[in-house]
Amino acid sequence: MNTTRETPIRVSEIFGPTIQGEGILIGLPTVFVRTGGCDYRCSWCDTLHAVDSAYREQWHPMSADEIWLEVVRLSGNRPLTVSLSGGNPAIQPLGPLIERGHREGYRFALETQGSVAKDWFADLDVLVLSPKPPSSGMATDWGAFDTCLEMAADRPQIALKVVVFDDLDYAYARAAAARYPDLPVYLQPGNHTPPPPDDDDARVDIDGILDRMLWLVDKVTEDRWFEARVLPQLHVLLWGNKRGV
Ligand SMILES: C[S@@+](CC[C@H](N)C(=O)[O-])C[C@H]1O[C@@H](n2cnc3c(N)ncnc32)[C@H](O)[C@@H]1O
Ligand SMILES: Nc1nc2[nH]cc(C(=O)O)c2c(=O)[nH]1
Ligand code: SF4
Ligand SMILES: [Mg+2]
């Protein structure tokens, strides 16, 4: 019997199986657990329904067991990778959920901006750290970011992922990569047509995003920055701004 009252986890949505659309695990069948609430407010966030506190009524308090039952239902009880995202999932008590899933053979990836560190980072299989560039309007606390790396210790595979809209963001990405030369770095062209929070399938300017992707590829190759990987948001190319994919 669980005697310790677990703090509930605020959940915006649980969806999948779909494919991981971004970064180091791109293409991998994944169930997403998206938590509600974020300590940032990026100007171009494509997930405001899980960020803007005006929508907090839609963030359901759930126990780790209740979340787990839904992951098992969606995955047909077949172990796969569960991506913990948000908002900022790092502000939620996700340790017990990870423990539960590992007992049943599932793996866990975390998507976070690196502003808040938790001890359960050391239990993750993959940690994607996505510091925010100048176009986001956010300032990076590199001390907090370093603590995320310290808390992760040596279990998770760790990768940097930086969204790039313009030259300033590109320079920020280069500086971030130089700060952590041992981490793989993924560059992601920004979606300048992110959905408003109350529209779960808003029009997206795919051509504009692909133009930015081509610009970014040219930048990286002309600079001979051969360690960087340039990847689109694959799920956006497939399904536009649709939510829950
Ligand atoms: C919605 S965030 C949630 C997790 C965490 N808050 C973070 O930012 O890493 C997941 C990923 O989507 C990226 N993202 C958000 N809005 C985007 C946009 N308009 N274009 C491209 N990527 C975007 C973020 O930079 C992050 O890498
Ligand atoms: N398919 C898919 N891949 C993703 N990778 C990161 C996502 C996110 O919103 O954190 C995301 C998402 O929302 N959908
Ligand atoms: S940190 Fe992530 S979830 Fe939060 S506002 Fe920025 S992109 Fe959106
Ligand atoms: Mg997304």
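I began with ligand 2, where I found one of its nitrogen atoms 2.9 Å from a polar backbone atom of Gly21. I take a polar contact to be a pair of N or O atoms within 3.5 Å; for pairs within protein, one atom must be able to donate a hydrogen and the other to accept it, and residues adjacent in sequence count only if both atoms are side-chain atoms. An oxygen atom of ligand 2 lies 2.9 Å from a polar side-chain atom of Arg34, and an oxygen atom of ligand 2 is 2.5 Å from an N or O atom in the side chain of Ser85. On its own, ligand 2 has 320 Å² of accessible area, of which the protein covers 92% (areas by the Shrake-Rupley method with a 1.4 Å probe; for residues, only the protein chains shown count as cover).

Before going on I noted the conventions: this is a predicted model, in which local features need pLDDT of at least 70 and side-chain atom pairs count only at pLDDT 80 or more, while totals for chains, interfaces and linings use all residues. Residues are numbered from 1 along each chain as its sequence is written, chains are lettered from A and ligands numbered from 1 in the order in which they are written, and side-chain values use heavy atoms, with hydrogens and water left out.

I then listed the surroundings of ligand 2, which include Ile19, Gln20, Glu22, Phe32, Glu111, His235 and Val245 (a residue is near a molecule if one of its heavy atoms lies within 4 Å of it). This shell divides into three nonpolar, four polar and three charged residues, where Ala, Val, Leu, Ile, Met, Phe, Trp, Tyr, Cys and Pro count as nonpolar, Asp, Glu, Lys and Arg as charged, and the others, Gly among them, as polar.

Next I turned to ligand 1, which has 20 residues around it, with Trp44, Gly87, Ser130, Lys132 and Asn191 coming nearest. A nitrogen atom of ligand 1 lies 3.0 Å from a polar side-chain atom of Gln113, an oxygen atom of ligand 1 is 2.8 Å from a polar side-chain atom of Lys132, and a nitrogen atom of ligand 1 is 3.5 Å from an N or O atom in the side chain of Gln233. The protein buries 95% of the 540 Å² that ligand 1 exposes when taken alone. By class I read four nonpolar, eleven polar and five charged residues in this shell, to which β5 (107-112), β7 (157-164) and β8 (185-189) each supply at least two residues.

For ligand 3 I found Cys38, Tyr40, Arg41, Cys42, Cys45, Val51, Gly87, Gln113 and Lys132 around it, that is, five nonpolar, two polar and two charged residues.

Where do the ligands sit? I find ligand 1, ligand 2 and ligand 3 in the largest cavity.

On the overall fold, I counted six helices and nine strands (DSSP runs numbered from the N terminus, helices being H or I of at least four residues and strands E of at least two). The radius of gyration is 17 Å, close to the 18 Å that the globule rule gives for 245 residues, so the protein is as compact as a globular protein of that length (taken over C-alpha atoms, the rule being 2.2 Å times the number of residues to the power 0.38).

Ala153, in the loop between α3 (142-152) and β7, has a positive phi near 55 degrees although it is a residue other than glycine.

Technical notes. 1 Å grid on protein atoms, 1.4 Å probe; cavity = no way out; pocket = protein on both sides within 12 Å on 5 of 7 lines; lining within 4 Å. Sits in = over half its atoms within 2 Å of the grid points.
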